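Please look over the sequence and the predicted model shown here before reading on. The text then goes through the fold piece by piece.

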Amino acid sequence: MKDFFENRLSNMDYSRFSEKHVKIMLISYLSMSRMYNIISEREIPKGRRIDLLLESHPTYDEVRYNYVIELKYIKKEMFSEADRIKSEAVEKVKEDRRIYEESFRQRGRTVLSAVILVFSDKRAELIAVRK
């Protein structure tokens, strides 16, 4: 995925980008696999939403994980706040994961969580988040 955002897109692709553009591209990319149901803005209890939820498709028993993903697109004018944005995103995805695990049946799958940061200067960062 890092390769996708850093090497496959041109500078022109990044012009006037927003987080929604990144999300749509990521959903398109992830949809190439039928092993997951990809849900954008999954509503969970306490009035919260999961940016991207990848739930293993029930017919694929060999898939052992569901993923809770928080996505952040950081524009140039926000680079100085990247550490704060990253820290807040990590805390949010931890709480979203906890609520998701408590509220929905996992069918024996383990729930993992991650934060994906995409910067307007074509950098990308994937952060695996532990409980």
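The model is predicted. Its sheet is open and has five strands, arranged in the order β1-β2-β3-β4-β5 with mixed pairing. At the edges are β1 (36-44) and β5, each of which pairs on one side only. On average, and with direction ignored, neighbouring strands of this sheet are turned by 25° against each other. Helix α2, residues 19-30, packs on the sheet and touches β1, β2, β3 and β4. The direction of α2 makes about 145° with that of β3. Helix α3, residues 82-103, also packs on the sheet, with β1, β2, β3, β4 and β5 as the strands it touches. For α3, the angle to the direction of β3 is about 155°.

The pairings can be taken in order along the sheet. In general, strands of a sheet pair through backbone hydrogen bonds, in either a parallel or an antiparallel way. Between β1 and β2 there are eight bridges, in the antiparallel sense. β1 and β2 form a hairpin with three residues between them. Between β2, residues 48-56, and β3 the sense is again antiparallel, over three bridges. Here L52 has I69 in β3 as its bridge partner. The next pairing, β3 with β4, is parallel and has ten bridges. Y73 stands opposite V118 in β4.

K46 lies in the loop between β1 and β2. The phi of K46 is near 70°, a positive value in a residue other than glycine. K46 counts as exposed because its relative accessibility is 64%, and the cut-off for exposed is over 50%. E41 lies in strand β1. Its phi is also positive, near 55°, and E41 is not glycine either. With a relative accessibility of 32%, E41 counts as partly exposed.

How much of β3 is buried? Seven of the ten residues of this strand are buried, so β3 is largely enclosed by the rest of the structure. A charged residue, E70, lies in strand β3. Is E70 buried or exposed? E70 counts as buried because its relative accessibility is 2%, and buried means under 20%. Leaving out residues up to four places away in sequence, E70 touches D51, A89, K92, V93, D96, A114, V115 and I116.

Apart from neighbours within four places in sequence, the contacts of L54 are L30, Y36, N37, I38, N66, Y67 and I69. Between the C-alpha atoms of L54 and V115 the separation is 13 Å, and the two residues are 61 residues apart along the chain.

The largest pocket holds about 320 Å³ of space. Which residues lie nearest the centre of this pocket? They are Y67, I69, L112, A114 and L126, out of 17 residues that line the pocket. By class, the lining has 13 nonpolar residues, two polar and two charged. Three strands each supply at least two residues of the lining: β3 (65-74), β4 (110-119) and β5 (124-129).

Some of these residues have already come up. I69 is the bridge partner of L52 and is also in contact with L54. Y67 is another contact of L54, and A114 is among the residues that E70 touches.

Methods: Residues are numbered from 1 along each chain as its sequence is written. This is a predicted model: local features need pLDDT of at least 70, side-chain atom pairs count only at pLDDT 80 or more; totals for chains, interfaces and linings use all residues. Side-chain values use heavy atoms; hydrogens and water are left out. On a 1 Å grid over the protein atoms alone, a cavity is a set of points where a 1.4 Å probe fits but cannot get out, and a pocket is an open set with protein on both sides within 12 Å along at least five of seven lines; lining residues have an atom within 4 Å of a point. Grid points are joined across faces, edges and corners, and a volume is the space filled by probe spheres set on the points. Helices (H or I, at least four residues) and strands (E, at least two) are DSSP runs, numbered from the N terminus. Two strands pair if DSSP finds at least two bridges between them. Axes are lines fitted to C-alpha atoms, for helices over the stretch in contact, and angles run from 0 to 180 degrees between N-to-C directions. Contact means heavy atoms within 4.5 Å. Buried means under 20% relative accessible area, exposed over 50%, partly exposed in between (1.4 Å probe, protein chains only).
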